[in-house]
Amino acid sequence: MRMLYAAIFIAAFLSGCASTGDWSSDTPTKANSKASRATRVNLKDQSVSKVYAPSDNLWIRIRDGFQMEPMNTPLEIEQVRWLAARPDYVNRSMTRSSRYLFYIVQEVNARNMPTEIALLPFVESAFVTNAKSSAKAVGLWQFMPATGKDFRLTQNVFRDERRDVVQSTDAALDYLQRLNNQFGSWELALAAYNWGAGNIAKAQKRNAAAGLPTDYESLTLPRETRNYVPKLMAYRQIVLDPQAYGIVLPDLENHPYFVAVDVGSDIDVALVIKLAEIPTDEFQSLNPSFNKPVILSNANQQILLPFAHAEIFQDNLKQYTKSLSSWTAVQVAKTESVDQAAKTLGVDVDTLREVNGIPKGMRIRAGSTVLIPKTNRRPGDVSTAMAENASLSLEKPVPPASKCPKPAKGAKGTKPAKCVPANNAKTTEKGSSKGNSSGKNAASQHKSASTGLAKSAKNGSSATSASKNGSKGVSKSQ
């Protein structure tokens with residue numbers, strides 16, 4: 001068997017949890033930044049069925065953890081009315097949340113945060129994992145590229161952890177805790193998450209200089225930020241008393257929806273789907289961060305599988321004797337066209353272009369990493385350095401230099417033809433290595449990046465916005 005699993009912990013219950021109705025596990029405090037509290041099992045010698053929860057209603061657990069005070073302002077009332085008038089939209093987003101809410105609530109509880117925070121993805125993305133805003137914020141928590149790097153969310157050729165359910169949740173909660181410590185209230189922390197900590201601090205200074213209060217409701221804020229907390233509190237109100245607004249919440253068990261499986265060898269996405277016996281869209285909903293058709297073991301990756309299918313995957317994997325991965329990665333030595341690179345690497349040009357998403361007419365720059373079919377010459381797994389730092393840089397070919405015609409001898413009154421120099425090659429980066437950027441980037445995380453609600457009520461898309469609600473919207477939805 002070429003795929004090994006590291007035992008991170010054995011899922012269990014805390015002493016006395018059955019009497020309190022709370023679910024937990026003996027997950028150790030993570031020393032590795034990539035380790036998570038997601039329910040994980042060693043499939044070689046553990047059974048997924050050992051993981052269970054004594055309480056069967058997650059909504060009760062969420063309500064019990066509410067700590068924020070209702071605002072009862074006209075803005076909150078307006079947002080509640082807006083949701084109540086769109087029960088189909090609310091039901092769709094609530095149903096989508098069923099895959100992720102248990103893990104998020106578990107993390108929120110572990111940090112002693114208000115469980116209202118677990119509802120924030122309803123505001124940000126309507127729980128669409130591939131949601132993308134006009135400001136290029138992506139994922140459940142709508143991380144901007146720079147802020148994602150600040151919180152060590154890898155964005156490269158192989159994966160974008162801003163879309164990773166586990167990693168982005170941990171990063172978002174880290175960020176919100178930092179903001180709450182800075183501003184001393186969850187309302188201000190949420191406003192800073194949306195508008196940026198620097199902007200909130202400046203707004204407070206302006207109010208202080210004018211002798212005005214500096215709490216959330218007293219600050220002068222952009223319309224989107226002014227509506228941001230009322231939107232969250234509207235969801236709080238719906239969850240607290242859905243019948244009062246004609247909303248039927250889907251049944252959510254207080255139980256892990258997914259299990260995180262550690263990857264010990266590179267494995268194709270298509271093979272995971274086959275062995276787990278799940279639909280492709282189910283796999284993609286749980287694993288939206290993967291950019292390529294292979295999952296890399298040296299990237300410290302996890303595969304999230306539906307709880308009921310993890311054992312199926314375990315059994316089928318034990319019986320599978322063929323190669324687990326059909327892809328590898330190489331670094332291009334020199335800048336050349338896709339046709340030239342395909343000849344150099346000995347691969348089909350259409351395959352090279354398609355799997356790496358290279359548009360026609362673009363050249364691959366030297367130092368770029370490309371995915372190619374695995375051969376006997378390249379049988380091993382992708383290296384750690386490449387898995388963590390791979391980038392693909394493309395450029396347009398330089399047009400040939402213009403030839404300037406010489407003026408005819410003896411010609412008078414004729415102006416010499418103008419020579420237009422060749423344009424410099426235009427470079428496009430597709431995927432960058434993981435790293436940290438300045439704190440200023442983190443402070444401007446959600447300026448004009450959070451998602452709203454209105455368009456999806458009309459067409460069924462998930463994370464969009466209306467001018468009424470003052471948000472920018474997303475370009476991708478389900």
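**Ground rules.** I am working with a predicted model, in which local features need pLDDT of at least 70, side-chain atom pairs count only at pLDDT 80 or more, and totals for chains, interfaces and linings use all residues. Residues are numbered from 1 along each chain as its sequence is written, and side-chain values use heavy atoms, with hydrogens and water left out.

**Whole chain.** I find 19 helices and twelve strands in the protein chain; helices (H or I, at least four residues) and strands (E, at least two) are DSSP runs, numbered from the N terminus. Of the 478 residues, 53% are buried. Buried means under 20% relative accessible area, exposed over 50%, and partly exposed in between (1.4 Å probe, protein chains only). I also looked up contacts, meaning heavy atoms within 4.5 Å. Among those with a separation of 6 or more, 75% are between residues 24 or more positions apart.

**Salt bridges.** I used this rule: a side-chain nitrogen of Lys or Arg within 4 Å of a carboxyl oxygen of Asp or Glu. The count by this rule is nine salt bridges.

I looked at Arg-111 and Asp-174, whose closest N and O atoms are 2.7 Å apart. Arg-111 is buried at 15% relative accessibility, and Asp-174 is partly exposed at 36%.

Next I took Glu-116 and Arg-236, a salt bridge with its closest N and O atoms 2.8 Å apart. Glu-116 is in the loop between α5 and α6 and Arg-236 is in helix α11 (residues 223–240), so I note a link between parts of the chain 120 residues apart. Glu-116 is buried, with a relative accessible area of 0%, and Arg-236 is buried with 8%.

I then checked Glu-395 and Arg-365, which meet in a salt bridge at 3.4 Å, N to O. Glu-395 belongs to strand β10 (residues 392–395) and Arg-365 to the loop between β8 (363–364) and β9 (369–373), so the pair ties together parts 30 residues apart in sequence. Glu-395 counts as buried at 7% relative accessibility, while Arg-365 counts as partly exposed at 31%. I also noted one network, in which salt bridges with shared partners join Arg-159, Glu-161 and Glu-388.

**Helix α4.** Which residues of helix α4 (residues 87–97) are buried? I listed Tyr-89, Val-90, Ser-93, Met-94, Arg-96 and Ser-97. They lie on the same side of α4 because they cover an arc of only 160° around the axis; the arc is that of the directions from the helix axis to the C-beta atoms.

**Helices α12 and α14.** Helix α12 (residues 269–276) packs with helix α14 (residues 307–319) at an angle of about 105°, and their axes are 7 Å apart. Axes are lines fitted to C-alpha atoms, for helices over the stretch in contact, and angles run from 0 to 180 degrees between N-to-C directions. I log α12 as roughly perpendicular to α14; angles under 35 degrees count as roughly parallel, over 145 as roughly antiparallel, 65 to 115 as roughly perpendicular and the rest as oblique. From α12, Val-272, Leu-275 and Ala-276 meet His-309, Ile-312, Phe-313, Asn-316 and Leu-317 of α14.
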